[in-house]
Every structure is written in C-alpha cells, then in structure tokens.
Amino acid sequence: MSIVIPQELIERLAAARRVAVLTGAGISAESGIPTFRDALTGLWANYDPQELATPEGFARNPKLVWEWYAERRARIAGVAPNPGHIALAALEKRFERFTLVTQNIDSLHQRAGSREVVELHGNIARVKCSVEQTVASPIPQDDSPPRCHCGAYLRPDVVWFGEMLPADALARAEEAAEHCEVFLSIGTSAQVYPAAELPLRALSAGATVVEINPERTALTRHTQFSLQGPAGAILPQLLARLEATCRTGP
Ligand code: BJW
C-alpha cells in the first residue's frame, strides 16, 4: 500500500533531535492482536470492560478475569512484531532522544528491538499481588487465579479503569511529550486518559503532531499531519523516506 507522505513532514523529522511516540493497540493489530474499540473486531465488541478491566470486576469474578488474561497472554506469546514495530525500532537509532510511550501490554516493541520503551498500562507478562502490589514472577500456572503468600489473589500487572498509572512511567511520558520537536501518535483511538493528553501536551509545547491511523480519531483535527492507513505499511515508508532524505539532503 502506498500512502502519500508529505516531504514537509520528512524534513521536519530530518531536522528533529527529540522525537516522542505514543502507540496503542492498532500498532499490534497487524501482528494479530485485536484492538479494543474497532467496531467488529475490537475486544470491547465482545467483552464488557467493566467486568474484565476494572478492580471491581476482578473482585466480583477473579476467575473470569484471570482466565481472560491467560488467553490473551497465550495469544500474545504466539505472535511476532510486525513491520510497524520494526520500523519504530530502527527510527529510534536516528535521533538524539527518542521516547516510545506505549499503552500496549504485549512487549512487541521490546521484541522488535526498541530500547527506550515507557509502558503506561503495565505488562501482561507480569503478575502482582492484588493487595500488596508486589510483583510476582514467574507466573504461577497452578491455580485460577493463584494466591500471593499473603493469601490475596494475584492479578495481571496491568492498569485497569479507575486505577492510577505507574507514576514514573507517566512522568517520563509527559516529559518526553513536552520536550519533543515531533510527536507521533500511532494506532490509538485517543479516548483513554491520561495517555490521550500526551499529544495535546506536545502540541501546546510547540511540537509537530503526526497521527498514523486508518481511521479518524478524537486527535485527528488537532494534528498537523494525518497519515490515514495501517502503521505496518506507513512506518517502513516513513523510515525509508527519512533515510533517503538524510543521505541526499532536502
Ligand atoms: C490501526 C490499525 C493499524 C487499527 N495501524 N492503526 C478524563 C476524562 C474522562 C475520563 C477520564 C479522564 N481521566 C481519567 C479518566 C478515566 C479513564 C478514561 O480515560 N476513560 C475514558 C474511556 C473515558 N482512565 C482511567 O481510568 C485511567 N486511570 C486514571 O486516569 O487514573 C486516575 C483517575 C481515575 C478515575 C477518574 C479520574 C482519574 C486508567 C486507564 C487504563 C486503561 N486500561 C486499558 C486496559 C489495559 C490492560 C489490558 O490490555 O487489558 O488499556 S483499557 C484499553 O484502552 C487499554 C488500552 O491501552 C487503552 C487505549 O486503547 P487504544 O490503544 O487506543 O486502542 P483502541 O482499540 O481504542 O484504538 C485502536 C486504534 O487503532 C483505532 O483508532 C484503530 O483505527 C487503529 N488501528 N488497525 C494503525 N493497522
């Protein structure tokens, strides 16, 4: 798929020293991981977020929530990073500062080779005590759900609705958004806060904000560049154009 990427955007990237990126479920869609809010294929089309992604839902039915996450963990283990993840890992090497902030819990950025990854919503590969919050590893396989030594249930180390994001991750993300020259928002519907605020913070601080998404989102009207298409096709093209421009000059 060929998408028109404006040369003006490539030149702003070529001149940038600090780049921040926010990714969402859409970057992993082409690896075979479902998004949340896509109308037919999104997880929330078939599952109730109040029952599966809130502390109250876990308190009501810990077995249901544990098993839902165990299924998703198994699915993630069986997929690979796609050309979008791989292009982002290559882009990281081209900038003085490149901060990749992700809402995803699937480790696909790290598996693609990205180094500076800030995880806003935790990671499905870890579990923690639902009371003490201490991280337990490896994940016990024996029970559904297993218990901590204190007797409380273990739960996935992810951020559910109504829970605070990890303070250090959020602080790093906000700092990167406020000090970048170019901000890329990729594969997120920009509906979930505080992640959705990051591109707006970047915009207020004077950055060029770019969106890569096949659909329009709540963010689109605020962006200077909206590249409408799949990240797995657009990001490799963006990388190739940037490499060509840096080789030959604008
Ligand atoms: C492609 C593509 C391709 C497809 N290429 N693109 C301010 C206002 C209103 C509400 C709030 C507010 N501040 C806080 C809240 C409450 C709440 C919130 O935001 N609610 C809104 C939904 C209204 N936020 C919270 O509760 C957060 N905590 C918090 O703020 O604490 C303090 C506080 C609490 C309470 C009140 C006030 C303050 C925590 C949010 C935790 C979110 N957790 C989840 C689950 C994580 C674990 C798990 O995976 O199970 O995180 S929910 C889910 O949504 C998941 C995602 O990370 C997150 C974002 O979704 P994302 O990534 O954007 O996915 P989609 O599906 O929405 O979009 C995919 C996009 O990809 C689409 O646009 C497609 O078009 C696109 N796409 N294919 C590129 N090939």
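Predicted model: local features only at pLDDT ≥ 70, side-chain atom pairs only at ≥ 80, totals over all residues.

**A strand and its partners**

Mentor: Thr23 stands opposite Thr102 in β2. Thr23 belongs to strand β1, which covers residues 18-23. β1 and β2 run in the parallel sense and are joined over six bridges.

β2 also pairs with another strand. Its partner there is β3 (residues 117-119), again in the parallel sense, and three bridges link the two. Within this pairing, Val101 has Val118 of β3 as its bridge partner. β2 therefore pairs with β1 as well as with β3, since two strands count as paired when at least two bridges are found between them.

Glu96 counts as exposed because its relative accessible area is 61%, and the cut-off for exposed is over 50%. In sequence, 51 residues separate Glu96 from Arg147, and in space their C-alpha atoms are 44 Å apart.

Asp157 is placed in strand β6 (residues 154-158). With a relative accessible area of 11%, Asp157 is buried, because the cut-off for that class is under 20%. Leaving aside residues up to four places away in sequence, Asp157 touches His121, Gly122, Asn123, Arg126, Val127, Lys128 and Val135.

To complete the picture, we turn to a pair of helices. Two packed helices are described by the angle between their axes and by the distance between those axes. For helix α1 (residues 7-15) and helix α11 (residues 231-248), the angle is about 70 degrees and the axes are 10 Å apart. α1 and α11 are therefore roughly perpendicular to each other, and their crossing is right-handed. On the side of α1, the contact is made by Gln7, Leu9, Ile10, Leu13 and Ala14. α11 contributes Leu238, Arg241, Leu242, Thr245 and Cys246. By class, the residues of this contact between α1 and α11 comprise seven nonpolar, two polar and one charged.

Methods: Residues numbered from 1 in each chain as written. Heavy atoms only, no water. Buried < 20%, exposed > 50% of the residue type's maximum accessible area, 1.4 Å probe, protein only. Helix = DSSP H or I, 4+ residues; strand = E, 2+ residues; numbered from the N terminus. Axes fitted to C-alpha atoms, helices over the stretch in contact; angles between N-to-C directions. Parallel < 35°, antiparallel > 145°, perpendicular 65-115°, else oblique. Left-handed = near helix turned anticlockwise from the far one by under 90°. Contact = heavy atoms within 4.5 Å. Nonpolar A, V, L, I, M, F, W, Y, C, P; charged D, E, K, R; others polar.
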